[in-house]
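This briefing describes one predicted protein model. Please keep the sequence and the structure in view while reading the points below.

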Amino acid sequence: WDPKVWNSPVDNERAWADFVRRDFEPLFREHGVHLVVSGHSHLYLRGFRDGVAYVTVGGGGAGLERGAADHVEDLLDTRGRVVHFVHHFATLGVTEDRCPQLRLESFDAATGEALD
C-alpha cells in the first residue's frame, strides 16, 4: 500500500481542492497511491476518483460543515460515495489475515456506531 495522510482535502472547499487536484492528484495516480486521508474540512467524506480512495476525517470537535452551504462538491464518483456531517473519529490499521488488508474504519463520536 501507499497511503498518504495530510491536511488539505482533494474533494471539497474550492480553494484547497483546486490546488490539490492541480498539483498533487496527478502524482497520486502516477505513483500508485491507494489512499489519501485528509482533514481540514469538518465532515466525514469517502469516495473514489480515478482509482484512488479519498477520505476526509475532519469531525473531531469544531463546528461541522453544512453540505451545499459549505461548498461540499460532488467531485468523487457517486457510486460508493459516503458523506456524514457528524463528529467522528477513525482508525487506520492492517488486518492480520493470511492476506493482510489496509483497513480504515470511522465511528460516530457520540454513539460509537460505525459510520463507514
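Of the 116 residues in the chain, 37% are buried in this predicted model. The secondary structure comes to 2 helices and 7 strands, and from the N terminus on the elements follow the order β-α-α-β-β-β-β-β-β.

**Nonpolar cores**

- The largest nonpolar core has 6 residues, namely Leu-35, Val-37, Tyr-44, Ala-53, Val-55 and Val-82.
- Strands β2 (35-38) and β4 are the elements that give two or more residues to this core.
- Another core, of 5 residues, lies apart from the largest one, and its members include Val-33, Val-36, Val-52 and Tyr-54.

**Aromatic pairs**

- The structure holds 2 aromatic pairs.
- One of them joins Phe-28 and Tyr-54 in a tilted arrangement, with 6.3 Å from centre to centre and 55° between the planes.
- This pair links distant parts of the chain, since Phe-28 belongs to helix α2 (residues 25-30) and Tyr-54 to strand β4 (residues 52-57), 26 residues apart.
- Phe-28 and Tyr-54 are both buried.
- Phe-89 and Phe-107 form a stacked pair, with a centre-to-centre distance of 5.4 Å and an angle of 25° between the planes.
- Phe-107 counts as buried because its relative accessibility is 18%, which is under the 20% cut-off.

- Glu-25 is placed in helix α2.
- With a relative accessible area of 4%, Glu-25 is buried.
- The side chain of Glu-25 is joined to that of Arg-49 by a polar contact of 2.6 Å.
- A polar contact of 3.4 Å also connects the side chain of Glu-25 with the side chain of Tyr-54, the residue that forms the tilted aromatic pair with Phe-28.

**Thr-56 in strand β4**

- Thr-56 is part of strand β4.
- The relative accessibility of Thr-56 is 0%, so this residue counts as buried.
- The side chains of Thr-56 and Ser-38 make a polar contact at 3.4 Å.

**Loops on either side of strand β4**

- Asp-50 is located in the loop between β3 (44-49) and β4.
- The phi angle of Asp-50 is near 50°, which is a positive value in a residue other than glycine.
- Gly-58 is found in the loop between β4 and β5.
- Gly-58 has a relative accessible area of 15% and is therefore buried.
- The C-alpha atom of Gly-58 is separated by 4.3 Å from that of His-42, a residue 16 positions away along the chain.
- Gly-60 also lies in the loop between β4 and β5 (82-84).
- Gly-60 is exposed, because its relative accessible area of 75% is over the 50% cut-off.
- Between the C-alpha atoms of Gly-60 and His-88, which are 28 residues apart along the chain, the separation is 5.9 Å.

**The largest pocket**

- The largest pocket has a volume of about 200 Å³.
- A total of 13 residues line this pocket, and the closest to its centre are His-34, Leu-35, Ala-53, Leu-102 and Leu-104.
- Strands β3, β4 and β7 are the elements that give two or more residues to the lining.
- By residue class, the lining divides into 9 nonpolar, 1 polar and 3 charged residues.
- Leu-35 and Ala-53, listed among the residues closest to the pocket centre, are also members of the largest nonpolar core.

Note on methods: Residues are numbered from 1 along each chain as its sequence is written. This is a predicted model: local features need pLDDT of at least 70, side-chain atom pairs count only at pLDDT 80 or more; totals for chains, interfaces and linings use all residues. Side-chain values use heavy atoms; hydrogens and water are left out. Rings of Phe, Tyr and Trp (its six-membered ring) pair if their centres lie within 6.5 Å; planes under 30 degrees apart count as stacked, over 60 as edge-to-face and the rest as tilted. Helices (H or I, at least four residues) and strands (E, at least two) are DSSP runs, numbered from the N terminus. Buried means under 20% relative accessible area, exposed over 50%, partly exposed in between (1.4 Å probe, protein chains only). A polar contact is a pair of N or O atoms within 3.5 Å; within protein, one must be able to donate a hydrogen and the other to accept it, and residues adjacent in sequence count only if both atoms are side-chain atoms. A nonpolar core is a set of buried Ala, Val, Leu, Ile, Met, Phe, Trp, Tyr and Cys residues joined through side-chain atoms within 4.5 Å. On a 1 Å grid over the protein atoms alone, a cavity is a set of points where a 1.4 Å probe fits but cannot get out, and a pocket is an open set with protein on both sides within 12 Å along at least five of seven lines; lining residues have an atom within 4 Å of a point. Grid points are joined across faces, edges and corners, and a volume is the space filled by probe spheres set on the points. Ala, Val, Leu, Ile, Met, Phe, Trp, Tyr, Cys and Pro count as nonpolar, Asp, Glu, Lys and Arg as charged, and the others, Gly among them, as polar.
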